[in-house]
Amino acid sequence: MSKYNFKYGKDEIEIDLEGRINNVLPNKSDYIKDVKSEIIKSIENPTGTKPLKDIIKPGEKVLFVVSDITRAWVKTGKFLIHIVDYLNSIGVKDEDISAIVAVGTHRPATEEEKKIIVGEELYTRIKVFNHDSRNNDELEYIGTSSLGTPAYINKAVINSDRVILVGGITFHLFAGFGGGAKSVVPGVAGIETVQHNHRLVFNKGEHSGLNLNARANKIKGNPMREDITEICRKVSPDFLINAVLDSDGNFIQFAAGDFEKAWLEGCNTTRDLYGIKLENRSDITIASAGGYPKDINLYQSVKTIDNSLYSGKDGSVLILLSQCVEGLGADEFMQWFKYETLDDMETALKQNFTVPGYAAYKTLYAAKTRKVLLLSSLDDDVVKKFGFTPVKSLDEAVKTAYKLAGENPNVVLMPYGGSTLPV
């Protein structure tokens with residue numbers, strides 16, 4: 001018997017476990033001690049393009065495309081100020097610099113959230129404004145992709161002299177990785193563009209199911225990601241700066257340069273940190289979303305659910321720890337469970353794709369392919385609506401899981417389930 005700890009809300013839960021245990025932990029890496037000097041080094045020695053000082057000239061209008069508040073973990077404000085100061089040093093004035101919050105189809109950022117995103121000082125120095133995917137007056141049509149996606153992009157991005165994409169890289173449920181061209185689609189794209197692109201997560205035809213190439217850690221052959229990249233090439237942003245952070249929120253790398261080549265370098269770093277090889281798939285997976293705020297609601301924990309699916313065999317047991325102190329999260333999320341089958345949910349998503357709807361689909365998909373035991377503060381009736389089994393303690397969940405899995409189970413632990421991906 002050995003002791004293991006899992007984060008749950010603001011607490012930790014300890015459990016004794018026996019059997020064949022594989023503890024999936026992020027790999028260690030040195031973190032950046034001097035953020036300012038590393039940022040300057042990265043933009044003066046970029047990947048796949050000229051240094052930033054040779055791209056931007058004084059008098060040109062510069063637009064940063066920054067992630068919204070749902071990506072606050074990127075800590076954009078901690079490094080964006082050094083980039084703006086650098087632009088000042090080469091003759092670009094604050095009045096010629098602005099930032100568009102790439103909210104995609106999310107709600108607009110509040111003024112307080114804008115301060116968090118770019119940092120309080122920059123908020124007072126440069127213009128910060130929201131993208132609106134539903135305002136046709138703000139959108140410009142730039143063509144249709146080879147996969148048939150009509151590309152409507154915010155006019156501010158199209159009309160700026162220079163565009164710099166700013167974001168962070170992690171594994172992504174269906175786009176392979178976050179960051180990169182996702183700043184453009186869905187970040188500053190029209191609702192029609194976003195929905196057409198996101199429908200590529202499904203195979204063509206009625207009740208055809210998920211396209212299994214549209215998944216985490218998959219770039220080449222991932223139709224959704226390739227469509228995003230193709231549209232971003234039409235926009236042709238001038239530069240990209242994407243951060244890779246460790247599980248403690250320290251900066252590990254600033255990928256800088258060409259929007260695709262530099263991003264791919266950051267993806268490789270993310271794989272090295274969080275892609276954990278498993279020799280054998282589990283009979284039991286125990287996964288924590290990582291504690292507060294990562295398990296603040298069930299919607300935020302869907303990434304953990306998805307990552308956990310790669311660890312276990314079909315029909316295996318998944319124990320999920322997600323306190324959900326604020327309930328389900330997105331109001332729309334629960335509404336999708338009026339559809340009781342994956343086929344019905346798929347049909348509805350193909351008609352009106354939304355990310356909360358896809359998260360609901362993945363939740364139901366997990367319930368259909370795994371025996372899911374959920375430790376949370378949600379009402380039992382709500383948990384059962386998802387097809388999950390509610391449990392009141394981790395000890396109860398483990399005892400139930402061992403009964404279901406049989407003798408000498410192979411057990412995989414994912415204490416950082418939202419970040420680590422079994423590969």
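1. Surroundings of helix α9. The buried residues of α9 (302–309) are covered by elements that include β15 (282–288), β16 (312–321), α10 (331–335), α12 (355–369), β19 (410–414) and β20 (421–422). The model discussed here is a predicted one. Within it, α9 is mostly covered, with seven of its eight residues buried. Those buried residues are Val 302, Thr 304, Ile 305, Asp 306, Asn 307, Ser 308 and Leu 309.

2. The second largest pocket. Helix α9 also takes part in a pocket: α9 and α12 are the elements that contribute two or more residues to the lining of the second largest pocket. The largest share, four residues, is supplied by α12. The space in this pocket amounts to about 300 Å³. Its lining consists of 15 residues, and those nearest the centre are Leu 212, Leu 309, Tyr 310, Lys 362 and Tyr 365. Leu 309 is also among the buried residues of α9.

3. In which loop does Phe 202 lie? Phe 202 belongs to the loop between α6 and α7, where α6 spans 191–198 and α7 spans 223–235. Phe 202 counts as buried because its relative accessibility is 5%, and the cut-off for that class is under 20%. Leaving aside residues up to four places away in sequence, Phe 202 touches Gly 209, Leu 210, Asn 211, Glu 346, Leu 349, Lys 350, Phe 353 and Tyr 361.

4. His 82 in helix α2. His 82 is placed in helix α2, which runs over 76–89. Is His 82 buried or exposed? With a relative accessibility of 19%, His 82 counts as buried, since that class takes values under 20%. Its contacts, not counting residues up to four places away in sequence, are Val 35, Lys 36 and Ile 39.

5. Cis peptide bonds. The bond from Val 185 to Pro 186 is cis, and its omega is near 15°. Pro 186 sits in the loop between β11 (176–177) and α6. Another cis peptide bond joins Tyr 292 and Pro 293, with omega of about 0°. The loop that holds Pro 293 runs between β15 and α9, and α9 is the helix described in the opening point as mostly covered.

6. Lys 75 is not a glycine, yet its phi is positive, at about 60°. Lys 75 lies in the loop between β4 (62–67) and α2. Its relative accessibility of 32% makes Lys 75 partly exposed. Ser 236 likewise has a positive phi, near 55°, in a residue other than glycine. The loop that contains Ser 236 lies between α7 and β12 (239–245). The relative accessible area of Ser 236 is 45%, and Ser 236 is therefore partly exposed.

7. Cysteines. How many disulfides does a search of the whole structure find? The search finds zero. Cys 232 is in no disulfide, and the nearest cysteine sulfur, that of Cys 267, is 13 Å away. Such a separation does not qualify, because a disulfide requires a pair of cysteine sulfur atoms within 2.5 Å. Cys 232 is buried, with 0% relative accessibility. Cys 324 is buried as well, at a relative accessible area of 1%.

8. UniProt, in an unreviewed entry, lists residues 8–206 as "domain: LarA-like N-terminal". In the model, this span is 26% helix and 25% strand, and its end C-alpha atoms lie 40 Å apart. The unreviewed entry also carries the annotation "domain: Lactate racemase C-terminal" for residues 280–419. Over residues 280–419 the chain is 40% helix and 21% strand, with the end C-alpha atoms 20 Å apart.

Technical notes. Residues numbered from 1 in each chain as written. Predicted model: local features only at pLDDT ≥ 70, side-chain atom pairs only at ≥ 80, totals over all residues. Heavy atoms only, no water. Buried < 20%, exposed > 50% of the residue type's maximum accessible area, 1.4 Å probe, protein only. 1 Å grid on protein atoms, 1.4 Å probe; cavity = no way out; pocket = protein on both sides within 12 Å on 5 of 7 lines; lining within 4 Å. Points joined across faces, edges and corners; volume = space filled by probe spheres on them. UniProt positions renumbered as here; feature names shortened; annotations may be inferred. Contact = heavy atoms within 4.5 Å.
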